[in-house]
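Let's take a walk through this model together. Have the sequence and the 3D view at hand as we go.

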Amino acid sequence: MECPDCGHDRTSVVDTRSGADGTTVRRRRECSRCSFRFTTYERPEWETLQVKKRDGSIEPFDREKIRGGIERAVEKRPVTDDEVDRLVAEIHADIRDRGTRIVSSKLVGELVSEKLREVDSVAYVRFVSVYKTFSDPEEFVRELDRIIDEELDGEEVITDDADSGPDSPPDSEAD
């Protein structure tokens, strides 16, 4: 184990205890060069979060992959790095709170989609167009139509009628 203070690769274990949650081992270590003391935690690899890909392979959960996907989606959009950090943390917490060690990549993609949709609709469309692997333009247009319809449902539609004014008669009157 490398010393975090001086970088020397010779450290010794001074104390070993079970972690507070019972699934980890807490070790106090000391550097043989600078005598710096630090704590490490060990947990079985099977305890880490895993992602099952579409092809059936399983790989460790990687927050940086999620961050990369979100950053590509929000590129040149008014989304700050702090918001990206918050999204990644929320997605990781949502997955961890499910209480399972293996999650599907589909679930991860859906969570990222949901969170992006709340933040920026253009970033959402960018992400979904890659995540859902649209095979033809019609699928893309259908998704855009669905988003536009949902946004319009939440807003009052205001028309700009050039003929209407304070002195003009209502539209319902016929000649």
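Keep in mind that what you're looking at is a predicted model. Is V128 buried or exposed? Its relative accessibility is 0%, and because buried means under 20%, V128 counts as buried. Now look for S113: although V128 and S113 are 15 residues apart along the chain, their C-alpha atoms are separated by 6.6 Å.

Next, let's turn to the largest nonpolar core, which has 25 residues. Which of them touch the most other members? Those are I66, I70, I95, V112 and L116.

If you set aside its neighbours within four places in sequence, V112 is in contact with I66, I70, I91 and F127.

Two of those partners, I66 and I70, also turn up where α1 meets α3. How do these two helices sit against each other? The axes of α1 and α3 come within 11 Å and cross at roughly 40°, and that angle makes α1 oblique to α3. As for its hand, the crossing is right-handed. On the α1 side, the residues that meet α3 are I66, I70 and A73, while α3 brings V108, V112 and L116. Sorted by class, this contact of α1 with α3 has six nonpolar residues, with no polar and no charged ones.

Definitions and conventions. Residues numbered from 1 in each chain as written. Predicted model: local features only at pLDDT ≥ 70, side-chain atom pairs only at ≥ 80, totals over all residues. Heavy atoms only, no water. Buried < 20%, exposed > 50% of the residue type's maximum accessible area, 1.4 Å probe, protein only. Core = buried A, V, L, I, M, F, W, Y, C linked by side-chain atoms within 4.5 Å. Contact = heavy atoms within 4.5 Å. Axes fitted to C-alpha atoms, helices over the stretch in contact; angles between N-to-C directions. Helix = DSSP H or I, 4+ residues; strand = E, 2+ residues; numbered from the N terminus. Parallel < 35°, antiparallel > 145°, perpendicular 65-115°, else oblique. Left-handed = near helix turned anticlockwise from the far one by under 90°. Nonpolar A, V, L, I, M, F, W, Y, C, P; charged D, E, K, R; others polar.
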